[in-house]
Amino acid sequence: MSMKRNLKRIAQVGIAAGAITYSGLVSAADTIKVGVLHSLSGTMAISESTLKDTVLMMIEQQNEKGGVMGKKLEPVVVDPASDWPLFAEKARQLLTQDKVDVIFGCWTSVSRKSVLPVVEELNGLLFYPVQYEGEESSKNVFYTGAAPNQQAIPAVDYLINDLGVKRFVLAGTDYVYPRTTNKILEAYLKSKGIADDDIMINYTPFGHSDWQSIVSRIKEFGSEGKKTAVVSTINGDANVPFYKELGNQGIDAADIPVVAFSVGEQELSGIDTGPLVGHLAAWNYFESVYTPENNKFIDQWHDYIGDDSRVTNDPMEATYIGFNMWVKAVEKAKSTDTDKVAKAMIGVETPNLTGGTAVMNKNHHLSKPVLIGEIQDDGQFAVVWQTDGLVAGDAWSDYLPDSKNLIADWTAPINCGNYNTKTKTCGGQTAQ
Amino acid sequence: MRRVLLIVLLWLGATGVAGAQTPTDDPVATDPPSVSDALADLKSRDFDVKGRAIETIARSGHEQAEALLQALLDRKLVHDRAHDRIVLGEQADGGWALTDPLTGESLGQVDARAARPVIINNRLRERIRNLQAVAALSNANPLARREAAQRLVGTTDPTMLRALRERQAEESNPLVNGAIDTALNIALLRDPGSDLHTRLAAIDAVAGSLEPAVKNVLRDRATQTDAAAERNAAEKALKAIDARAARYETADTIFFGLSLGSVLLLAAIGLAITFGVMGVINMAHGELIMLGAYTTYVVQQVFPQGHEWSLLIAIPAAFLVSALVGIVIERCVIRFLYGRPLETLLATFGVSLILQQAVRLIFSPLNRSVVTPDWMSGALQINPVFSLTYNRLYIIFFALAVFLTLLTVLKKTRLGLQVRAVSQNRITARAMGIRSERVNALTFGLGSGIAGIAGVALAQLTNVGPNLGQAYIIDSFMVVVFGGVGNLWGTLTAAFGLGIANKFIEPLAGAVLAKIMVLVFIILFIQRKPRGLFPQRGRAAEDS
């Protein structure tokens, strides 16, 4: 890492720690401002700080190419410090004081829900790069991570069809994303003829570290003769002790595979993956995918961050896709005005890092391929299955009674985030 | 190279003597063309094609067959893109050092992206392991033979069963024979063609086993059979197995409770000194634990080859680092605030935030990976339903050792005497010539240092990251307050009591509710006995 970049990084973090906005050196008149709303301190810093670096890298590259519409991009980085109400305040600050044209940010669903009313009120533009529980579509938000039908449902299909799994443990952290995902999965599994007795649902608190009894119960549940798998929506830090306990209690992936929706390369970089070989994860991107685009992206990332051991992951790809789509949309609309860009966004296509192209749909969700990978001993995933084509993100799940008639369509004449196809009415401007 | 040609001998129906080597003068001559074809098939993306290739390699009898399968498991069989061939690859200097898979001839070095390991999935991995287990049935080591036989328990594959039967005829070790018998009896019960008499004998023979496969086959027999005698026998055996398993389950829960208790004890014991004995509400206690965990990480970075023993260096190092930081906190912040608990609370909370962010700046916000030494991995397998994980087992003993050491220091040393004197009555202690300032700093250092040692142990169980401390600060205060401020034995009792209680509630109520119930219980308890389980007289007690 060069000295200059080192100093720059220290300055960034230091200033961000004080939660003070800093602006670049470029004067404001001839620039397009890009807000970055990711936690740089607190619990979520582990995941979100990487995305801040990704956005800054994309901005640097875009500026080297001459910016957008001849204007340089100017990042405005704020630190919402893993504090959900602070996300709303910082979003307001970005939109009213810094007057940014677009915001890339949020990780947890609760932070997105906190920002949502602000971007809708001030008519801002938010790109949300993380897989989430769905059941939402806002005029002002573009969801570039996976909806449940782009991650959870294909993963369960793989377990049933390819691995012959007949019993399921749905294990998750106790908050909105796992609860909603598990509700969808439970309904889906029952529609596939899985009995109630063959589904075990378990929730644990955030940062749970003592997994002994739960892992032991999973082991028991899995030794009843039917092939069993664990579908894990366990979030963040709690995964490391969970996988350590699996390894120690000798649960082999060949006996009881665990398929995780929140475990990527970055989460695995904190553990010895030797005992975990064969456990699964479902994402739209894996670092190990061999394509020219991906190899180039990884090289650029290593170069930017100055550390060859830093991994890339799915939310980074989602950020990459979102950023490139936004650039294309601005150029198409010849304006940074929210309404014009939002309109131009629909139908925009940009290359995926895993090959093929991602498409932005009318419901502000992407069409992307779904990949399933097995953990390898080097902390990477090997792709063992992938969808034949693209899967369109579904904002409202078809498997929940409350949302099966709802669709989102932000084009005329519907122009609604929760349009009921039965009653032909729009439930309202905002989600839910 | 291990046990060359054993697979071959097995397939030919002749069991080899362990360690047998058939010297082959010319590897090319014994190389059937099928192996190279099978290797080429491994380039396929279709796992079924790869599965057949693995089968072909295993049956080929090629002298490299076993090594090739092992290489496939170890991800050392790679696809060399430039030449579009499958070769052996060893990671070296940021690239791959390639060798010919059949002759062992070096093929030079290529770039990291020029070769990719052959991808196998769980099913293939299991298939390879089973094939290896068949070979291992003739291993010289009886433990390896037993493990191999246990791996094959539940299999219905005819070739594997044949291998088991052949081994059974030769085996003299009773442990290995037991495992083989179980495997064969299960296969017999699964076989629809077997007659009632042999099935009854088989049920009788497996009734004492706790293997899950036994339970499954018995349950299937109990529901599927038409013969009443068989159904009764199966049900009776199932009942006996369930009763035994239930006893072990209770033992399991107690072990989990003791383990959780030992973690609580480790986290709380340093606080028992700083808060319990000195009366300082130290909100930065968790961060001192975190510093200990990071010290473990740094020590492992300094000795990259010493994963097996570097923990022994990490323990004193973590003690020193945390103790020094603790003394600095005491000298710079806390000593001005004695007797003002609210201000201490706020000031130390600030210190905890500073320490967290400092760690984020130095080590980045990402979690650091602490390697678990081999002797702490895995589990002590007592029987198929009861095992004790080594890391937890060691940590229970470690927590007790730390506790006893601390107790000795406080009861038997001069520093301990002075600490107790100052904590009981500062003014009299000073009048007796004790330098209370120095004692305060050392005591706080001792408590902090022990927090650092706790960090070494916790680094083996959980994430080493900036938030490590936050997760334990509440639990630590909970244990110390519940046990009785100022009483080390109270801390011990409280830690293990809460640990075991938590683990008994958890299966009934779930992890979230179990935690809430324990907290509610403590609130109610403190209402009735505000000074905890074992109240102690001392400075802390008098101040409150």
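Modeller: Two residues are in contact if their C-beta atoms, placed from the backbone, lie within 7 Å. In chain B, 68% of the contacts between residues at least 6 apart in sequence join residues at least 24 apart. This is a predicted model, where local features need pLDDT of at least 70, side-chain atom pairs count only at pLDDT 80 or more, and totals for chains, interfaces and linings use all residues. Residues are numbered from 1 along each chain as its sequence is written, while chains are lettered from A and ligands numbered from 1 in the order in which they are written.

Chain B holds 22 helices and seven strands (DSSP runs numbered from the N terminus: H or I over at least four residues for helices, E over at least two for strands). Its radius of gyration, taken over C-alpha atoms, is 31 Å; the globule rule gives 24 Å for 544 residues, so chain B is more spread out than a compact globule. That rule is 2.2 Å times the number of residues to the power 0.38. The C-alpha trace of chain B spans about 95 × 70 × 40 Å along its principal axes. Buried residues make up 45% of the 544 in chain B (20 or more other C-beta atoms within 10 Å of a residue's own, all placed from the backbone).

Now one helix pair. In chain B, α11 (residues 228-277) and α20 (residues 488-509) have axes that come within 7 Å and cross at roughly 145 degrees. Axes are lines fitted to C-alpha atoms over the stretch in contact, with angles from 0 to 180 degrees between N-to-C directions. The crossing of α11(B) and α20(B) is right-handed (the near helix is turned clockwise from the far one by less than a right angle). From α11(B), residues including B:F256, B:L260, B:L264 and B:I269 take part; α20(B) brings B:L492, B:F496, B:I500 and B:K503, among them. By class, this contact has 16 nonpolar, six polar and one charged residues. Ala, Val, Leu, Ile, Met, Phe, Trp, Tyr, Cys and Pro count as nonpolar, Asp, Glu, Lys and Arg as charged, the others, Gly among them, as polar.

Last, the partner. Chain B puts 45 residues in contact with 45 of chain A. On the chain A side, α1 (3-17), α2 (45-64), β8 (199-204), α7 (212-221), α8 (239-248) and β16 (381-386) each supply at least two residues. The largest share, five residues, comes from α7(A). That side of chain A has 16 nonpolar, 21 polar and eight charged residues.

Definitions and conventions. A residue is buried if 20 or more other C-beta atoms lie within 10 Å of its own, exposed if 12 or fewer, and partly exposed in between; C-beta atoms are placed from the backbone.
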